[in-house]
Amino acid sequence: MLNEGVIVALSTASNRAALHVIRLSGQGCFEMVDKVFVGRKISDIKSNALVYGKICSQNEDIDEVVLSVFKAPHSFTKEDVVEISCHGSPLISQKIIDIMIELGAKPALAGEFTQRAYLNGRFDLAQAEAVADLINAESEQARKIALSQLKGGVSNQIEMIREKLLEFLSLLELELDFGEEDVEFANREQLLERIDSAESYIVKLINSFGSGNAIKKGIPLVIAGKPNAGKSTLLNCLLNEERAIVSDIAGTTRDTIEESFMFNDLLFRLIDTAGIRHDAESVIEQMGIERTLQKIEKAEIVLYMVDAQHIDDSTDEIKAIEKYHDKIIWVLNKSDLLSSEKKIPENDWVRISAKKGEIESLLNRLKELCNTKYLSNDITISNTRHLSALKESLISIQKAKESLKQGLSGEIVVFELKSALEHLGSITGKITNDEVLGSIFSKFCIGK
Ligand SMILES: Nc1nc2c(ncn2[C@@H]2O[C@H](COP(=O)(O)OP(=O)(O)OP(=O)(O)O)[C@@H](O)[C@H]2O)c(=O)[nH]1
Ligand SMILES: [Mg+2]
């Protein structure tokens, strides 16, 4: 049975460390720990406190410990909670856990503490999911997004949209109740305005997923361009290590190389691609361009690189990818070899020398692009479950809107609105089921 009894788990990593923290939650955990704790009687403690003492079982001292005692409801789970900080030996912490299990505690399932916190109303489901995101955050920006979601950023937005729709729904239902008398309580124009506004909020949230998800998982940053342009040299320069093989033989990089790269508080998945070969045969050339296009399509940001001495040979490709201009940084490499007479296009090219490590202008441009693309203060979603629920609710809202416009029966509109509300409610957990909860919390680590 969920949410009942005392659960126990190691909340810190299990390898050797200065300390390990074992967490117990649930009614009766104080009495349970009291049986083996030599120090103050914790069931008598009035407020949240730290207590020093030792764990002793069957007349044998196990370890000196500090207990953090949290009285319900002033704890993470809103239940009585004890955290036992012992010496960080896997042997000691396991022994203490075993003792607690012998005394009647159950080993906690993955995410069970957070699940209890959710079930006890500590926060809603979207916030509970943010706890896992916060733990898994790999960059400063990912941490910020998770924290804002934990504080209720997404939840408040969803609630605001739900309220708009609920008011709308109640007006329509009232009308339906008086159906026989053919009254119209709700002004159709105003209803449409209201639904339009709900729709635009949902669309905005849906659109935020692209950047939110990229920030969470690592932003795909593709280095594309012709063989020998210096793509691998740039990769090495950005990573500050000789990761990719560099040579003056065109076609050195055969397979895509992918590495993590941290910059401007963001995590990137830096991808060095095989240069696009331009063969004499135009069909093959076309294929090359197609491949570049595919890579560019999938990327969030593209560093399109050209050897400054051969910029004139890249006209076709540049034309083909110009429509992706918003996510391309045009990079003119080998500027150290450029003679002063060489004419360079006026537009946005950043000039670098990857070989000499002169890439400041590129980094500045990348920073500018990231600041506009990823560092907004808008509410951002980053969870695929939220995305699909929002998409489903959008479909229903659009159907409701269409029915309203066509003057169809209020019942149809009501049906679609209820469906939209259900989908929105599933995000914050207003409407949910055990299966969904199981799948969400099983992704957490044990002890959280
Ligand atoms: N002078 C000069 N040479 C460079 C610069 N960047 C790269 N090179 C040289 O250009 C050659 C090709 O560099 P790579 O980094 O292997 O080029 P690539 O684009 O990865 O080539 P492929 O893997 O074949 O597609 C090497 O000999 C590099 O040393 C630069 O800024 N200045
Ligand atoms: Mg290469």
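In this predicted model, I7 has S25 as its bridge partner in strand 2. That pair belongs to the contact between strand 1 (residues 7-10) and strand 2 (residues 19-25). The two strands run antiparallel and are joined by four bridges.

**Domains**

The domain assignment divides the protein into three parts.

| Domain | Residues |
|---|---|
| Domain 1 | 7-123 |
| Domain 2 | 131-213 + 383-429 |
| Domain 3 | 218-374 |

The C-alpha centres of domain 1 and domain 3 are 54 Å apart.

Strand 11 and strand 12 (residues 328-333) pair in the parallel sense over six bridges. Within strand 12, I329 stands opposite L303.

**Helix 8**

How many of the nine residues of helix 8 are buried? Eight are, so helix 8 (residues 231-239) is largely enclosed by the rest of the structure. The buried residues are K231, S232, T233, L234, L235, N236, L238 and L239. They pack against strand 8 (219-225), strand 9 (257-263), strand 10 (266-272), strand 11 (301-307) and helix 11 (360-374). Just after the helix, N240 takes a positive phi of about 60°.

**Nonpolar cores**

In soluble globular proteins, nonpolar side chains tend to be buried together. Here the largest nonpolar core holds 34 residues. Which of them touch the most other members? They are L234, F268, I301, L303 and I329. Helix 11 gives the most to this core, with six residues. Another core, of 31 residues, lies apart from it; L191, L390, V414 and L424 are among its members.

I301 shows the packing in detail. Setting aside neighbours within four places in sequence, I301 contacts P220, L221, V222, F268, K327, I329, L366, L369, C370 and Y374. Two of these partners, F268 and I329, are also listed with I301 among the core residues that touch the most other members.

Methods. Residues are numbered from 1 along each chain as its sequence is written. Chains are lettered from A and ligands numbered from 1 in the order in which they are written. This is a predicted model: local features need pLDDT of at least 70, side-chain atom pairs count only at pLDDT 80 or more; totals for chains, interfaces and linings use all residues. Side-chain values use heavy atoms; hydrogens and water are left out. Domain bounds come from an automatic or database domain assignment. Buried means under 20% relative accessible area, exposed over 50%, partly exposed in between (1.4 Å probe, protein chains only). Contact means heavy atoms within 4.5 Å. A nonpolar core is a set of buried Ala, Val, Leu, Ile, Met, Phe, Trp, Tyr and Cys residues joined through side-chain atoms within 4.5 Å. Two strands pair if DSSP finds at least two bridges between them.
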